[in-house]
Amino acid sequence: MNNNYEILKIKNIIINTQTIKTFVFDWEMKREIPKPGQFMMVWNFNGGGDEKPMSISKIDLDNEEISITVKNVGEFTNNLHFLKIGDKLGIRGPYGNNFKLSGDNILAIGGGVGMAPLKSFVEHAKLKNKSVDVVIASITQCELLFEDDFKKLGVNVFTSTDDGSCGYKGFATNRTIDLLKNKTYDMAIVCGPEIMMKGIFNILEDNNINGQYSMERYMKCAIGICGQCCVDNTGWRVCMEGPIFSSEEIKQITEFGNYHRDGAGIKILNNNF
Ligand SMILES: Cc1cc2nc3c(=O)[nH]c(=O)nc-3n(C[C@H](O)[C@H](O)[C@H](O)COP(=O)(O)OP(=O)(O)OC[C@H]3O[C@@H](n4cnc5c(N)ncnc54)[C@H](O)[C@@H]3O)c2cc1C
Ligand code: FES
C-alpha cells in the first residue's frame with residue numbers, strides 16, 4: 001500500500017453515457033500493480049479540493065494505464081466532469097482487497113456505475129479464458145454502461161432496464177432469476193445500489209452460488225485509521241477488509257441493505273425501511 005499521492009495528467013477522457021465519463025491515466029506498474037476490485041482516492045485540487053474513492057475500471061498492463069469511471073452525482077463528481085485532457089489530479093492507492101477468481105463459469109451483475117469495478121475483473125477473467133456472462137442493469141438504455149466493451153471481449157451480455165428501453169424490462173434481480181433458470185455458475189461478482197445487491201444476494205444464496213459483493217461506504221482516510229467506513233456488527237473497515245465481501249461475510253454485516261452512515265456518521269436508512 002502506497003499512501004503517497006501521484007499527481008497525474010488525465011491522458012484521455014471517454015464519454016460513456018450522458019452522466020458517466022472514464023478518465024485514463026498513465027500508471028507505472030512497477031510502482032504497484034492494481035488488482036480488479038480495488039479503488040483509488042482521487043484528489044481534485046482544481047475544484048473544491050475534496051478527495052473521494054473511485055474504483056479502478058481498467059488495468060492496462062501493456063500500455064501501463066489505469067482508468068476510473070465516474071458518474072456525475074454531486075459537487076465532486078460534477079467538478080471532475082468539467083476537467084479536460086491534460087488537467088491533473090492527485091491519485092493515491094490502490095486500496096482495499098480484490099475480487100478472487102475461482103472456477104470457470106462466472107457471472108457478473110452490475111447496476112449503473114457499479115459496472116466499473118466489475119469491468120476490470122471481467123477483463124482479467126477473459127485473459128484467463130474463463131466463460132463470463134454479464135448482467136448490465138440501468139434505469140434506461142442510454143445509461144447502460146460498457147455494453148459494447150463487454151461484447152468486444154466476447155462476453156455474453158444480458159441487459160435489463162427499468163423502463164424496458166433496452167433488453168429485459170425490469171430489475172437486475174428479475175433478469176438474474178431468469179438467467180438462473182437454465183444456467184449455473186461457479187462464482188458471481190456483484191456491484192450496484194445496495195438494495196439491488198441485497199436482492200441479488202438472496203437469489204444467489206437460493207441457488208448456492210458464492211457471491212463477492214463490492215460495498216460502498218463513506219470514506220475519508222482509506223487507510224483504516226479514521227473508522228468512518230466501519231460496518232455493524234463486525235467493525236470491518238470497508239476501505240481495508242473490503243470493499244469486496246464474500247457471501248459468508250455479507251451474512252455478518254447487519255447493516256447490509258438496511259442502512260449506511262453519512263460523512264458525519266449519522267445512520268441513513270435505505271428507502272424501503
Ligand atoms: C470503494 C468505493 C468505490 C467507488 N467507486 C466509484 C466509481 O467507480 N465510480 C463512481 O462514480 N463512484 C464511485 N464511488 C462513489 C463515489 O465516491 C461518490 O459517488 C462520490 O464520492 C460522490 O461525491 P459527490 O460530491 O459528487 O456527491 P455527494 O452529493 O457528495 O454524494 C453523493 C453520494 O456519494 C456518496 N459519497 C459522498 N462522499 C463520499 C465519500 N467520501 N466516500 C464514499 N461515498 C461518498 C454519498 O454518501 C452519497 O450517497 C465509490 C465509492 C466507494 C466507497
Ligand atoms: S475510510 Fe478511514 S477507516 Fe476506512
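How far apart should the ends of helix H5 (residues 194-206) be, at 1.5 Å a residue? The 13 residues of H5 should span 18 Å, and its end C-alpha atoms are 18 Å apart, which agrees. The expected span here is 1.5 Å times one less than the number of residues in the helix.

Before going further, a word on what you are looking at. This is a predicted model, in which local features need pLDDT of at least 70 and side-chain atom pairs count only at pLDDT 80 or more, while totals for chains, interfaces and linings use all residues. Residues are numbered from 1 along each chain as its sequence is written, and chains are lettered from A and ligands numbered from 1 in the order in which they are written.

Now step back to the whole chain. Its secondary structure comes to six helices and 16 strands; these are DSSP runs numbered from the N terminus, with helices (H or I) of at least four residues and strands (E) of at least two. The radius of gyration is 18 Å, close to the 19 Å that the globule rule gives for 273 residues, so the chain is as compact as a globular protein of that length. That radius is taken over C-alpha atoms, and the rule is 2.2 Å times the number of residues to the power 0.38.

The chain is divided into domain 1 (6-95) and domain 2 (105-269), with bounds from an automatic or database domain assignment. Between them, 18 residues of domain 1 are in contact with 17 residues of domain 2, where contact means C-beta atoms, placed from the backbone, within 7 Å. On the domain 1 side, strand S5 gives the most, with six residues.

Where does ligand 1 sit? Both domains give residues to the shell around ligand 1, so it lies between them. Its surroundings count 22 residues, the closest being Lys-52, Ser-55, Gly-74, Phe-76 and Thr-77; a residue is near if its C-beta atom, placed from the backbone, lies within 6 Å. Strand S5 (51-60), strand S6 (65-71) and helix H1 (75-81) each supply at least two residues of this shell.

Let us return to H5. Among its buried residues are Met-196, Ile-200 and Phe-201, buried meaning that 20 or more other C-beta atoms, placed from the backbone, lie within 10 Å of a residue's own. The buried residues of H5 pack against several elements, including strand S8 (105-111) and helix H4 (172-179). After H5 comes Asn-208, whose phi is positive, near 55°.

Definitions and conventions
A residue is buried if 20 or more other C-beta atoms lie within 10 Å of its own, exposed if 12 or fewer, and partly exposed in between; C-beta atoms are placed from the backbone. Two residues are in contact if their C-beta atoms, placed from the backbone, lie within 7 Å.
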